[in-house]
Amino acid sequence: MTEMLTPDDAVAMLLEGNQRFVAGAPEHPNQDAARRAETAPVQSPFAVLFGCSDSRLAAEIIFDRGLGDLFVVRTAGHVAGTEVLGSIEYGVSVLGSPLVVVLGHDSCGAIAAARAAADGGSTPAGFVRDVVERVMPSVLAARAAGHDQAEQILHEHIRHSVELLLERSRVLAERVADGRLAVVGLSYRLADGSARLVAAHGLSGAAVSAHA
């Protein structure tokens, strides 16, 4: 299926599912025994979803998808190390997904901790500190641009994550350049369940206008 889908098609499918979820009318596609049997020998997800690990961002639920539809990679604050980059590249280069999505959300604990640390507060101990330190550049960049509202910092962090993927991965950048892939950023609102497009590389102008 993914070989026939364009990046525009893939983002439309994803956001149409989100609209069903928001409206309270999910179809629960590809969640039956037939789909289980169909995907047992092979997978061809139409999107790679790189999102925050927050328990309220269950990808297949909020985008109303099923088995074999999404290749999901999640970390706290959607911070990207080499394992994340390798996983995303696998979804694109081996499984053939035409879309990579960075999914951030409001009330993100990692962003809140980075904002607190930037204001002189204490930094968490252990490896949580590493997560906060990786979010910190987004907080500082937003503030340097005169933006200090929570949503503004969130969107900066989503955009920063999208740019980081394209800067660090030649696989992704080359596929975007030749029209085979889009890398987009979505901002999710916990209260109403809606996902909004805030960054896009590789989509047509019409697709960006339709989903912005």
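In the hairpin of β4 and β5, where six residues lie between the strands, G193 adopts a positive phi near 80°. Strands (DSSP runs of E, at least two residues) and helices (DSSP runs of H or I, at least four residues) are numbered from the N terminus, and two strands pair if DSSP finds at least two bridges between them. The structure is a predicted model, in which local features need pLDDT of at least 70 and side-chain atom pairs count only at pLDDT 80 or more, whereas totals for chains, interfaces and linings use all residues. Residues are numbered from 1 along each chain as its sequence is written, and side-chain values use heavy atoms, with hydrogens and water left out.

On another side of the account, β4 pairs with β3 in the parallel sense over seven bridges, with V100 opposite V183 of β4. Strand β3 (residues 99-105) is in turn joined to β1 by four bridges, again in parallel, and here V100 is the bridge partner of V48. Strand β1 also pairs with β2 (residues 70-75), in the parallel sense and over six bridges; in β2, F71 is the residue opposite V48.

Two of these strands are mostly covered. Six of the six residues of β1 (47-52) are buried, a term that means under 20% relative accessible area, with exposed meaning over 50% and partly exposed in between (1.4 Å probe, protein chains only). In β4, seven of seven residues are buried. In a regular strand the side chains alternate between the two faces of the sheet. In β4, A182, V184, L186 and Y188 point one way and V183, G185 and S187 the other, and all are buried.

In soluble globular proteins, nonpolar side chains tend to be buried together. Leaving aside neighbours within four places in sequence, L186 is in contact (heavy atoms within 4.5 Å) with residues including L14, F63, V102, I158 and L197.

The loops hold two further residues with positive phi. N30, in the loop between α1 (7-23) and α2 (33-39), has a phi near 55° although N30 is not a glycine. N30 counts as partly exposed because its relative accessibility is 26%. D64, also not a glycine, has a positive phi of about 50° and is found in the loop between α3 (59-62) and β2. D64 counts as buried because its relative accessibility is 1%.

The largest pocket has a volume of about 190 Å³. Of its 13 lining residues, D106, S107, A150, E151 and L154 are the closest to its centre. A pocket is an open set of points on a 1 Å grid over the protein atoms alone, where a 1.4 Å probe fits, with protein on both sides within 12 Å along at least five of seven lines; lining residues have an atom within 4 Å of a point. The volume is the space filled by probe spheres set on the points, which are joined across faces, edges and corners. At least two lining residues come from each of α5 (109-118), α7 (150-168) and β4 (182-188).
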